[in-house]
Amino acid sequence: MVGAFDYAPAIVLLPFLSFLVALAGGKYLPKGGAFGGIAATAGSLLLSVWVFLTVSGGETHNDTLYTWVAGVSEETVSLELGLLLDPLSAMMLIIVSLVALLVHVFSLGYMNDEGETGLPRYYAGLGLFTASMLGFVVADNLLMAFMFFELVGLCSYLLIGFWFRQEGPPSAAKKAFLVTRFGDYFFLVGVVAVFATFGTAAFAGPDSFPHIAELAMPGGESPDGAVNTFGFDPRTWFTIVGLLVLGGVVGKSAQFPLHTWLPDAMEGPTPVSALIHAATMVAAGVYLVARMYGFYALSPTALAIIAFIGGFTALFAATMGVVKREIKQVLAYSTISQYGYMMLGLGAGGYVAATFHLMTHAFFKALLFLGAGSVIIAMHHNENMWDMGGLKEKMPVTYYTFLSGSLALAGIVPFAGFWSKDEVLYEALVHGLGGSTLLLGAYAMGLVAVFFTGFYTFRMVFLTFHGEPRTETARDPHGVRWNVKGPLVVLGVLAATAGLVNMTPVAEMLGMPGIELLHKWLAHGGIEMTTSEHYVTLLEEQADYHATHLSPLVPGLVSLGLALAGAGLAHVLYNVPSPERHTDKLGAIKTLWYNNYYQDELQVWLADGVVRPLARAADKFDQGVVDGVVDGVSSVSLFAGGRVRRIQTGIVSNYAALLTLGLTALVLVFGIMGGWFV
Amino acid sequence: MNQWIAIGMLGVVGVALPIGMMVASALIRPRVPEQGKTATYESGEVPTGTARIQFNIQYYMVALLFLVFDIETVLIFPWTVIYRSALAEGVSLSKALVPMLVFIGVLVVGLVWAWRNGAVSWVTSPRALRRKTERQQ
Amino acid sequence: MQLPSWAALGPALVLALTALVLLGLDSIDPDSTHSSALAGISALGALSALGLAGWYLLAGTGQASTGGPILLYGDALVVDGMSLFFSVIFASVAAMVIVASYDYLKGRTYQAEFYSLVMLAATGMTLMASSNSLASVFVSLELASLPSYALVAFLKRNEGSVEAGLKYFLIGAVSSAVFAFGISLVYAVTGSLLLSDVASGLVDAGDFVGVAGVGVLLIAGGFAFKTASVPFHFWAPEAYEGAPAPISAFLSSASKAAGFAVAFRVFVEAFPIASVVPMGIDWPLLFAVLAVVTMTLGNFAAATQENVKRMLAYSSIGHAGYALIGLAALSQGGPNGQVMGASMAHLLVYGFMNTGAFLFIALVEHWEVGRTFEDYNGLATKAPVACTAMTVFMFSLAGLPPFGGFLSKYALFYSAVQGGFWWLAAVGAINSALSLFYYSRVVKAMWIEEPSTPFELESKPVGLYVAVMFAAVGTLLLLPGFGPVVETAQTAATALFA
């Protein structure tokens, strides 16, 4: 019988087809090829749902489709393309195809109705992006994942730089490309290291690399030296490999210190920001960690680093979001911050929690971006929040859906973000108290970030929608059509309700573990090695992570209280007819935050006046050492080349002399070495 | 002791001997600087023209052609010596005669080519002729 | 039907016969030139030689499948897989050069001599690949060299050409002297000139190891001259630059390959590693040193050239360094057949891409565009097809995928690593990376730069175009076809070590 899994490749191929169609014939199609993209993503969504249903029936799929480099013997590796469909990827498939579909529809309103040109290029980019992201999700091995990871990066470059005639987008595109590429170098080295160590890069199954690694650990079933760990202790070596792969994750998921590209990427069209820089592409990094969680679970060091990067990024980005003027900038920093939570969750052993947050965040952040897009349409492409105000009356659909997303983002009960963020923090806390005290630091940072999140979210809401209109445009906004409102409503409902699938505190309170649907979803599955149950065992055995038993109620209330406090402060300060720029009172701190801790230029760390010498030192390092090495290499070779030219005098007797001398030198050296003259 | 020492000694002696003789004669001989000694011919003959005379290229061509025949002879000679006895030993004609015919045939092709391209016709160089008449005037 | 055993030398005989026919034709009517007839006959000769060699190679003549190497003329010559493989290289390069010369020689005198010299040189190279005795090695090497000297100086009215010819001849004379001296020393120790007898004679060299060592080293010097390896490379830049471009192509591809062919056979057969290296005559190390110095020097010098032809000349020296890995990465019990076979395959690919590059130079010289990189600016706007071919050659020479040069270099370095000579492969890889700099300069000039002065190309010479295209297609086809090529080469090389 032909089942869902036989059609699974079509999930990836349909958007790719729409890419080809838009590329080849977009000019001749109505709406620049939009309908092709909508149809393709809708098809992908339907197939994804089918796959989801099949997977929920207990079936999984892990198969090689195509071997493009066949290893000839036992020792050589085969490079393959394949599908891995398990609960995690089935869930992710639905998220990606759903958001992609909604973004395609929204683009009708944002791009077509606004009379943009170059639409075939736009829809081709969206199609290729969707295809690559879906391909990444279903990848059954690390190399295939890497290839699609890179394709995703390429698409993001193309789409951020969509308005390539302006000044900002092309340079933002370049920055995004280069910064993520920097991380991907480590990833690539990591892929090679995985191949060199395990001879395979499969994610799941008995021959998968996480499983081989598990068996190779001290006390594992494999004998010592079963895998080549290059002279390191297995755990050390696996930590190194894991951290190399993590380089790509940090770049793609915009974690500190490679987060700087994401705010700039807001130069792209807003639907692109929604699709790529909020809901899916950025998720690729976190998804990758979740995908090979069995590998990371072997290394407490790697987990601690992940947790710390996550917690720090969450707090760090949240503070910067507090002072931004542009609506999309606030959302950009909140995205970085939220992905920080996911990393914190993964690092803290909360595999389910992080996956949960990944899902809810995809919905509410796509919603917020699309809502912001709607506001931007209304404001005639002015993004400054200080020029808005009072939009609540003029665009009620946008307002209420945006509010739903904001409540979710801020983590207010019962919206989606509350449940997931709370669970992330809870996992960090219980594992921290359970012996891994380091996690408590990461937990503290995450907790403080909750307050900031609540504050900037509602600052944004109040500035945009409440109060008196502060400009002419805000008084008479441009209307939006169904194709904008539709996606907003769908996502608004999801943002409000998606959290209900996993209400851990409620389950605890009512004593009804049955309502933790996501836990059950990820815990079951035909592939034993990739279930959350297995991961928990691994964490306990290998990483020494133990959860203390603690009621989720108190931590939940604490974080809810902090979120409410943040929101309340925003309410007091900004929910007035004509709000003042209260953040100016922060003085130097505001300048610091507004300028993103001066993180944009990696060399310039803190403030312009304070650390200029440091910047100059960095510059000098760049000019003197980095450039110097590069220039030096080329000038040495040119100089040496010039020397060689000088030997070639053009006088034939010199040649004969040099020839004889050279020969004599060879005779002498080899004669003495070989003992010919004895 | 090894045999390379002898070779080294030979080298040393080979260089030292002429230098020693030159030094010795320079020390012993009387010095009588006189202008006549610097003349090319001490007999008193006054040289004319320069020492760089250009020979006619034709001499060179003849020398090259001669070389061809020379080498031919070198190869034919031992062949003639053993030819008869080889035949008597029962070597077939195709093994004894044909290779030499091929060899000579190749040379003949070359010779004919050289002949046809004027290697043996005495060419006159217009430039040399002009120079000669200039000198006579 | 069984062909007589002398027919195994068919390729060489066909080439020699063609040369004689050309001379004969010219004797009949020395005063007029029938360029088409002359070029046609030579091309026919070269192609029949190519066909014969290819047929023999495929039919397994002289290979293990049909009873092993065919020894001829008192073992002075041998026909086996390796000699046939190299005959294929020589004949195809000669064919390309001849077709290209048809246009290049238009309006010049002494065309018959030109073609017959090319054929004679090709004969010499084919014999070099078949030589099984030091005497025939020397004679065939001279047979290949002497016509080359004359060909380099072919442009009689061009000072550069004559000067290059003279320099080539003088350095060649010195090298021949060195080579002959080396042969005499080896003969003195072993009492034989036959390679196999030399090998057995060396075993009892006893006290004369030193003499034998010097002899081996001097013989290596003779080959270094032919392959343009340091320190015998001095003639190469001048000769390649001064010579007519098709001859540069011929010398830098075929003549170099011939040097390697004979070096491979002599060193493997006469000086087997197993017996010679323990005696203190470590010739693989010698070639390793030469390889590193040659590739580094060639690439560094090429990087600073302004003249494209001279740049190619140095790059050709660099490639000699890569091919030397085939002699350097050998060790007792190592994968020697793989290494040497990879080097042979690289020489075949190199034969196509380098010949093509020099023939493109011939095309540019034909247009009288100029010689420096600047003169090439904007050439692609006028001659896109030829420039595409040149781009293929450049990238292939640099070893970029997806061109033939990528796989051959890869196979070469890979086999070197397999043999444990990873550092040689590393030096080679670094040099390849460096070489990309100057190869891409040509491409950049042709495609990206604007011409400083507008120019027109008056004609599209058919013969040159055909030759360049043939080389380009060969370079591209050697990517998918590289598998069988390298297999053949490695089988032939392994047979040599057996």
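**Close-up 1. Helix 14 and helix 19 of chain A.** The axes of helix 14 (residues 327–347) and helix 19 (residues 438–465) of chain A come within 11 Å and cross at roughly 155°. Axes are lines fitted to C-alpha atoms over the stretch in contact, with angles from 0 to 180 degrees between N-to-C directions. Helices (H or I, at least four residues) and strands (E, at least two) are DSSP runs, numbered from the N terminus. Helix 14 and helix 19 of chain A are therefore roughly antiparallel (angles over 145 degrees). Helix 14 of chain A meets helix 19 of chain A through residues including A:I327, A:S334, A:Y341 and A:G347. Among the partners in helix 19 of chain A are A:A442, A:T453, A:Y456 and A:T464. Contact requires C-beta atoms, placed from the backbone, within 7 Å. The residues of this contact divide into eight nonpolar, seven polar and no charged. Nonpolar covers Ala, Val, Leu, Ile, Met, Phe, Trp, Tyr, Cys and Pro; charged covers Asp, Glu, Lys and Arg; the others, Gly among them, are polar.

The model is predicted: local features need pLDDT of at least 70, side-chain atom pairs count only at pLDDT 80 or more, and totals for chains, interfaces and linings use all residues. Residues are numbered from 1 along each chain as its sequence is written, while chains are lettered from A and ligands numbered from 1 in the order in which they are written.

**Close-up 2. Chain C against chain A.** Here 25 residues of chain C touch 23 residues of chain A. Helix 6 (159–190), helix 8 (209–227) and helix 12 (283–303) of chain C each give two or more residues to this side. Helix 8 of chain C gives the most, with six residues. The chain C side has 18 nonpolar, five polar and two charged residues.

**Close-up 3. Chain B against chain C.** Seven residues from chain B and six residues from chain C form this contact. The chain B side holds four nonpolar, two polar and one charged.

**Close-up 4. Backbone exceptions in loops of chain C.** Most residues other than glycine have a negative phi, and most peptide bonds are trans. The bond from C:V230 to C:P231 is cis, with omega near 0°. C:P231 sits in the loop between helix 8 and helix 9 (235–242) of chain C. C:Y73 has a positive phi, near 50°. C:Y73 lies in the loop between strand 1 (70–72) and strand 2 (77–79) of chain C. Phi of C:Y110 is also positive, near 60°. The loop between helix 3 (81–104) and helix 4 (111–130) of chain C holds C:Y110.

Methods:
Contact = placed C-beta atoms within 7 Å. Parallel < 35°, antiparallel > 145°, perpendicular 65-115°, else oblique.
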